[in-house]
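Student: Before we go through this model, could you show me the sequence and the structure, so that each term we use can be held against what is there?

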Amino acid sequence: MSTHISVPPQMLLERILTLEIVRVTERAAVSAARLRGHGQEKAADKAAVDAMRRELNKLPIEGTVVIGEGERDEAPMLFIGEKVGLNAGPKVDIAVDPLEGTTLCAKNMPGSIATMAMADGGTLLHAPDVYMQKIAIGPGYAKNVIELDAPPADNVRRLAKAKGVDPTAINVLVLDRPRHADIINSVRSTGAAVQLITDGDVAGVIHCAKPDETGVDMYIGTGGAPEGVLAAVALRCIGGQMQCRLILDTEEKRERAHKMGVTDPKMIYGIEDMAKGDCLFAATGVTTGSLLTGVKFKKDVIETETVVMRSVTGTVRYIKAEHRQLEKFHLD
C-alpha cells in the first residue's frame, strides 16, 4: 500500500526553490562580471537583468515582480508587475536587484552583487521606486533600541548602552552622499566612527547583522526603496532590526504609492511590515567585497560564491560553485 505524502505549500519555498534561486543570482553575476571594469554601467546592468529574467522564467513558480528596477516595461528593467516563471507551482512575490552597485562593477571596485528575494505571494511590500529613509542594527537587542525619527546621535548612544560599550566603540555605515552630511556629523559628535561606502545599500544593511565579522554596528541613511525591501528580507532571515519610511515628497510619488497599496505615506515600516511569511534571499558576488567573493574566470571553470537564506528556518548557506559547462554561460 503506497502512501502519498503531500508537501505543504510553505515547504515548497525550501524544498524546490532554495537552491534554484541560487542559479538565478549566479547567472546574473557571471553575465555582469564579464563587463567588470569596462565603464559600461547600463550594459552590465542589462546583462544581469537579461540573465536573471531567463533563469526566473525556468522556475516552477507563478511569480510576480513586486520590487524591480522600474514601474514600466522598459529594458533593461525587470519591471514591477512583470510575471515570471513557468506559471506552475506556488504563487510567489519576487524582489530583484540584478546588479547592485552598477558603478562598482563598471569600475571593478569591491562589493557589487547580484541579488533577489522570493516570498509567499502577497507578503512583500509593494514599494514604488522612490527613496526610503532607513536605520538598521543586528540581532540580539531588545525591541525598539533604535528609532527612525530619533537623532542619529541618540540612536548611537542607545545602541552603545544596549551593547554595553562606550559610543566610541560603535561603527556606523553610511552611503557617501552629500544628503547625509548631517547624519555623519551627528554620529561623529558622539565619538562613534563613520564608515562610508560609495554604493551597495543591500549589502550595507546586511553588514550590520554580523558586527563581529564586519565591524559594522548600525546602518543609517536614505537609499532606494527596492533595496530597502531586499535588505528587510535578508534581516528576516538572519535577524536584526530595521525601520524605514518611504520618501513621498511629491503628489506624483504619493499617487504612485497609493496605486500600489500604500495608504499611509508617512508610515514607519518594520521588517515584518516589508517582508511577511516565508521568504528566501540570495546574493552572488560580482566583484569581491567584504560580503562575498566575486566571479572568477579560469581556464576551464567559472567560480562563484553565493549566500542564500531562509526566514522560517533561519538557515544561511554559503555556496561556492564551480561551473564547468562554460558553453552554457557563454551562450547566455
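This is a predicted model: local features need pLDDT of at least 70, side-chain atom pairs count only at pLDDT 80 or more; totals for chains, interfaces and linings use all residues.

Student: What makes the pair R254 and E251 a salt bridge?

Tutor: The closest N and O atoms of R254 and E251 are 3.3 Å apart, and because the criterion asks for a side-chain nitrogen of Lys or Arg within 4 Å of a carboxyl oxygen of Asp or Glu, the pair qualifies. A search of the whole structure with that criterion finds 18 salt bridges.

Student: How many salt bridges are counted between domain 1 and domain 2?

Tutor: Between domain 1 and domain 2 the count is zero, although 31 residues of domain 1 are in contact with 22 residues of domain 2. The two domains bury about 2,100 Å² between them, with 66% of that area on carbon and sulfur atoms.

Student: Which stretches of the chain make up domain 1 and domain 2?

Tutor: Domain 1 comprises 7-123 + 276-327, while domain 2 covers 129-272; their centres, taken over C-alpha atoms, are separated by 23 Å.

Student: Why is the largest pocket said to lie between domain 1 and domain 2?

Tutor: Both domain 1 and domain 2 give residues to its lining, and therefore the largest pocket is placed between them. The volume of this pocket is about 670 Å³, and its lining consists of 28 residues, of which D97, L99, G101, T102 and E227 lie nearest the centre. Two or more lining residues come from each of α3 (41-56), β3 (91-100), α4 (102-106), β8 (218-224) and α9 (225-238), and the largest share, four residues, belongs to β3.

Student: What is the make-up of the lining of the largest pocket by class?

Tutor: Sorted by class, the lining of the largest pocket has twelve charged, nine nonpolar and seven polar residues.

Student: Which residues does G85 touch, once residues up to four places away in sequence are left out?

Tutor: G85, found in the loop between β2 (83-84) and β3, touches L56, N57, L59 and I61 under that exclusion.

Key: Residues are numbered from 1 along each chain as its sequence is written. Side-chain values use heavy atoms; hydrogens and water are left out. On a 1 Å grid over the protein atoms alone, a cavity is a set of points where a 1.4 Å probe fits but cannot get out, and a pocket is an open set with protein on both sides within 12 Å along at least five of seven lines; lining residues have an atom within 4 Å of a point. Grid points are joined across faces, edges and corners, and a volume is the space filled by probe spheres set on the points. Ala, Val, Leu, Ile, Met, Phe, Trp, Tyr, Cys and Pro count as nonpolar, Asp, Glu, Lys and Arg as charged, and the others, Gly among them, as polar. Domain bounds come from an automatic or database domain assignment. Contact means heavy atoms within 4.5 Å. Buried area is the accessible area (1.4 Å probe) that two parts lose on being put together, summed over both.
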